[in-house]
Protein chains: 2
Amino acid sequence: MRVEFRLSGSGGQGLLLAGIVLAEAAILDDRNAVQTQSYGPEARGGASKAEVVISDEDIDYPKATDPDYLLALTAESYRTYGALMGAGGGRGLIIVDASVPLSSDIKARTVSVPILATAADKVGKKVVANIVALGVLGGISKAASRESLEAAVLKRVPKGTEELNLSALRAGFELAEAALAMRDARRVDAADPRIAAMDDARKARKGVDDGRYR
Amino acid sequence: MRVEFRLSGSGGQGLLLAGIVLAEAAILDDRNAVQTQSYGPEARGGASKAEVVISDEDIDYPKATDPDYLLALTAESYRTYGALMGAGGGRGLIIVDASVPLSSDIKARTVSVPILATAADKVGKKVVANIVALGVLGGISKAASRESLEAAVLKRVPKGTEELNLSALRAGFELAEAALAMRDARRVDAADPRIAAMDDARKARKGVDDGRYR
């Protein structure tokens, strides 16, 4: 089972790092992952994107062709990439920052989450919005375990910022829980059948249920 | 014109960062670039790789299928990825660290460069071997200008390490010059026709000759 993520926002938001950490966390869970950063005309003019593909199989094509999860931290990235969601027939979910006004032109399933405000107000540093977002993506998709996300964050963030970034990640987990609990409001699938199937396959392989996410 | 790079070595050598910086430098030169990091069976067991594709055209397929340049910093990565070089009919060049014994089983064009020793002895920090390697790759391929490589390094390295990393990059440029000067010994192409064509196309587009590399 293949799960595709597209992380989009503005250039300075650190989404490349978030994508790297997500991919590395999946590896710690014994999955395969490819992280891609594209630059060029599409990435210029303010919108930045990073992609991650996670799979229990070999990954033949490393880019997200019809993302299962789109993270959009800015209005521009929401417009640009939100409009592409579902075009390939997928049932992808848009996770958009709560500061971005929603558009009725964008038809994909959408959940609005206060990622930037949580980074600024609750964690206390705007720059960790990428790690808050990582926690949200991990918590909603369950494509990587909390333990692996924490370990991958600790591996990649600058020395001296470990506690700050762990707080940010955990704040993201909490936002994910809240989003999942609100599924009535915006039709978030709490138990994505694709992820459940991936989990089942992995557990069958390992022969254990590690109960890693509740 | 499309140029493919594969950077391989061991997990802790920072080749992902080198790939990111190479891609970002190409963008500063108005090219397109995609940086990819794959994890999974192929990346486990010590060998790590990152890939960069640079092109003046759109990049349809973001992975290196037949690399023009393979960087190999360890014996394992040299064996693993060196054996694949030229399999697709390409004339790719292997840039291997001088600490690695060469094998007659690996037939591709090869240049042996003291990257790790230069980082440890001349720059004074083993951890900047990735940036020395970046200078070598940039200097030999000319796929990104020196100015852009320097700017991209400054953007991505941790604060307080700027001078160290610039020294490492410039040490890499010098190694590249030496390797190019030794082309008789190991048949390095100083003026790769693919890169020259890319340069010509770019200059024609811009209508200028910026003389950015001598």
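## A walk across the A/B sheet

Start by selecting helix 1 of chain A: this helix lies across strands 1, 2, 3 and 4 (69-72) of chain A, together with strand 2 of chain B, and runs at about 165 degrees to strand 2 of chain A. Angles here go from 0 to 180 degrees between N-to-C directions, with axes fitted to C-alpha atoms, for helices over the stretch in contact; contact means heavy atoms within 4.5 Å. Helices (H or I, at least four residues) and strands (E, at least two) are DSSP runs numbered from the N terminus.

A quick word on what's loaded: this is a predicted model, where local features need pLDDT of at least 70 and side-chain atom pairs count only at pLDDT 80 or more, while totals for chains, interfaces and linings use all residues. Residues are numbered from 1 along each chain as its sequence is written, chains are lettered from A and ligands numbered from 1 in the order in which they are written, and side-chain values use heavy atoms, leaving out hydrogens and water.

Next, pick strand 1 (residues 2-10) and strand 3 (residues 47-55) of chain A: they run antiparallel, joined by nine bridges. Zoom in on L7(A), whose bridge partner in strand 3 of chain A is A50(A).

Now cross over to chain B. Strand 2 of chain A and strand 2 (residues 32-39) of chain B are antiparallel too, with seven bridges. One to click on is S38(A), bridged to V34(B).

Zoom out to see an open, mixed sheet of twelve strands, ordered 6(A)-5(A)-4(A)-1(A)-3(A)-2(A)-2(B)-3(B)-1(B)-4(B)-5(B)-6(B); strands pair if DSSP finds at least two bridges between them. Strand 6 (109-113) of chain A and strand 6 (109-113) of chain B are at the edges with a single partner strand each, so one side of each has no neighbour in the sheet.

Last stop, the interface: 23 residues of chain A contact 23 of chain B. The two chains bury about 1,800 Å² between them, 53% of it on carbon and sulfur atoms (accessible area, 1.4 Å probe, lost on being put together, summed over both). Strand 2 of chain A gives the largest share of chain A's side, eight residues.
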